[in-house]
Amino acid sequence: MIKKICCMICILLIFAGCSADISNNDSGQSILKKEYKSIKEQRKDNKTEKNVNFSENSGELLKIGFCQVGAESGWRTAHTNSMKEIFTETNGYQLSFVDANGNKDKQIEAIRSFINEKVKAIVLAPVVEDGWDEVLKEAKSAGIPVIIVDRMIKTSDDSLYACWVGSNFKAEGLNAVEWLNEYIKSNGDDNKNNKVVILRGTIGASAETGRTEGIYEGLEKYTRYEIVGDISGNFTKDEGKQAMEEYLKINKDFDVLFSQNDDMTFGAIEALKDAGIKPGKDVVIISFDGVKDAFQSMIDGEINADIECNPLQGPFVSELIQKILANENLEKIQYMYESVYDEDVAKQEIGNRVY
Ligand code: AHR
């Protein structure tokens, strides 16, 4: 029952490009308190049928360049698939796809090759936030709009990209803390000093910087948490396991783990078990992404909560490209729908999980 209450309180949604019903926290980040929306309903909202088939009008396929971060996680695979499923010849597209294997320089090369190919739009999922201005200026000079997806970039000139579609990573971090706090209170641990370890993703990626900022800011609001460890596992299972193994050599005394993606969480769980620590019981585990395997881990009691990061961005990006090419006005920042899940919701939703 307590868990159910916790779950209802903590089901928070972030809406794609929506500005209504937003409660702003003091840093201007928007956190929406809404009712739970199932993946089935989200899929209805994201209907791919909305997309126009360009070739029907012109007979020509629309050339798009998409440069992906890599294939470091289950989330990333779902993100790639979402793009590839929409940018098909049947839908009127001709896709040039580059997997940058986590290498920013390779991404810059890819953008230059898309410019040479004279694509009509470039979609970039940047590995890290910094260092894009020069190559984006080249795309702008060539008259090619760039849509940034998933992670954000830092730039002094917003006109260098047409728009961004992705997650409110800071809100994800804040939501993770709020979930934890309700859970701790419902378990009667609110008078205890809870020792927290943070396992970060790729340093300098906005999924890492935003979640870290949200977690730190969220925890600072309460006196019952002490951060005792802050390590990185580069968003991969192997590195997550290794980082946790190294950490456990110096400290085994902690109560909570925030692990910034599911792949690292799976690795960390293995390391904890090898050290005789029961994940989800001796240590409360809050993960990010919400892939299907993590739903199973929640049902198995090894992950306590998962903060969704929605990878199903392809249909939105396709719609935005159509609007950009039709010179329509659009919101520069477009957030995806996202929820917070725990064991109870995992049981109901695992069958509907598409990634
Ligand atoms: O940028 C999104 C993050 O990148 C996801 O949380 C993670 O799984 C991926 O590698």
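At what angle do helix 5 (residues 104–116) and helix 6 (residues 133–141) pack, and how far apart are their axes? They pack at an angle of about 10 degrees, with axes 10 Å apart, where axes are lines fitted to C-alpha atoms over the stretch in contact and angles run from 0 to 180 degrees between N-to-C directions. This is a predicted model, in which local features need pLDDT of at least 70 and side-chain atom pairs count only at pLDDT 80 or more, while totals for chains, interfaces and linings use all residues. Residues are numbered from 1 along each chain as its sequence is written.

**Helix 5 and helix 6**
- Helix 5 and helix 6 are therefore roughly parallel to each other, a term for angles under 35 degrees.
- From helix 5, Ile108, Ile111, Arg112 and Ile115 meet Val135, Glu138 and Ala139 of helix 6, contact being C-beta atoms, placed from the backbone, within 7 Å.

**The ligand**
- The residues surrounding the ligand include Glu72, Trp75, Arg76, Asp150, Phe288 and Cys309, a residue being near if its C-beta atom, placed from the backbone, lies within 6 Å.
- Domain 1 (39–167 + 312–336) and domain 2 (169–308) both give residues to this shell, so the ligand lies between them; the domain bounds come from an automatic or database domain assignment.

**Arg224**
- Arg224 is found in the loop between helix 8 (206–220) and strand 9 (225–232), and, leaving aside neighbours within four places in sequence, Arg224 is in contact with Ile184, Asp190, Lys192, Asn193 and Asn194.
- Arg224 and Asn181 are 43 residues apart in sequence and 9.1 Å apart in space, C-alpha to C-alpha.

How values were computed. Helices (H or I, at least four residues) and strands (E, at least two) are DSSP runs, numbered from the N terminus. Angles under 35 degrees count as roughly parallel, over 145 as roughly antiparallel, 65 to 115 as roughly perpendicular and the rest as oblique. Two residues are in contact if their C-beta atoms, placed from the backbone, lie within 7 Å.
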